[in-house]
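Hello,

Here is the structure I said I would pass on. Please open it first; my notes follow below.

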Amino acid sequence: MNFQSLFQFLTELNQNNSKEWMDNNRKWYKEVRKDYIAWLDELDLAIAALDNEYFDTPGKKGINRINNNLMFHPNKPIYKDHFGAGLDKAPNTADFYIEVGLGQSMLAGGFWRPDPKTLRSIREAIDYDGEELKKILNKKSFKNTFGELVVDETLKNAPKGFSKDHPHVELLRLKTFAVMHPLTQKEILQDDFKQKIISVYMEMLPFRRYLNKAVTV
């Protein structure tokens, strides 16, 4: 994958964020997108060989649209400043997300503001076995890779049905259960970038499996 070309494309797109520019550079966009999809296909196979529960996700299925959703975000530019993709995309399971872009690049996973039913299932799992989740979150290598859970909206008090004195009330108050590992452009351009992604994926796996078990059992 020629990530240098990808960054160059995104830089020029960001400076000329218009349909007219995109139409004039559609061939370049398709070349970069095709290259990125092929790279995702390789990554898909590499991870599947290491994780026997992995859900096969070819690049064309995993890649996100480069267009912003202007219906919900009318003030955003027409096109994003990154290429994003999800792998291991079994329905109704925790995400594994890759974002390569100008403003930020990252590897992330979990549930971002899940629907009420999913959120309730996660909270019930924490109520039943929150120590297991804490063990995952407090593992030294996990903390070194992700730090804390992604900061998002939280409830002021314990959710309905749970005691304010619950030993895991801080987790129960969360509305998002996700982690993130930032990437630098230098890391992305290195030859071992794919191996780095695999290492982060494997470090995140117990966290995602905990969440997946919570919403499927």
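Is tryptophan 21 buried or exposed? Tryptophan 21 is buried, because its relative accessible area is 12% (buried means under 20%, exposed over 50%, partly exposed in between, with a 1.4 Å probe and protein chains only).

Before the rest, note that this is a predicted model, in which local features need pLDDT of at least 70, side-chain atom pairs count only at pLDDT 80 or more, and totals for chains, interfaces and linings use all residues. Residues are numbered from 1 along each chain as its sequence is written, and side-chain values use heavy atoms, without hydrogens and water.

Aromatic rings

The whole structure has 15 aromatic pairs (rings of Phe, Tyr and Trp, the last by its six-membered ring, with centres within 6.5 Å; planes under 30 degrees apart are stacked, over 60 edge-to-face, the rest tilted). Tryptophan 21 and tryptophan 28 form a tilted pair, because their ring centres are 6.4 Å apart and their planes stand at 55°. Tryptophan 28 is partly exposed, at 22%. Ring pairs also join a cluster that includes Trp21, Trp28, Tyr29 and Phe193.

Salt bridges

There are 15 salt bridges (a side-chain nitrogen of Lys or Arg within 4 Å of a carboxyl oxygen of Asp or Glu). In one of them, arginine 209 and aspartate 51 have their closest N and O atoms 2.5 Å apart. Arginine 209 is partly exposed, at 32%, whereas aspartate 51 is buried, at 3%. Another salt bridge joins lysine 194 and glutamate 42, at 3.0 Å from N to O. Both are partly exposed: lysine 194 at 27% and glutamate 42 at 46%.

Regards
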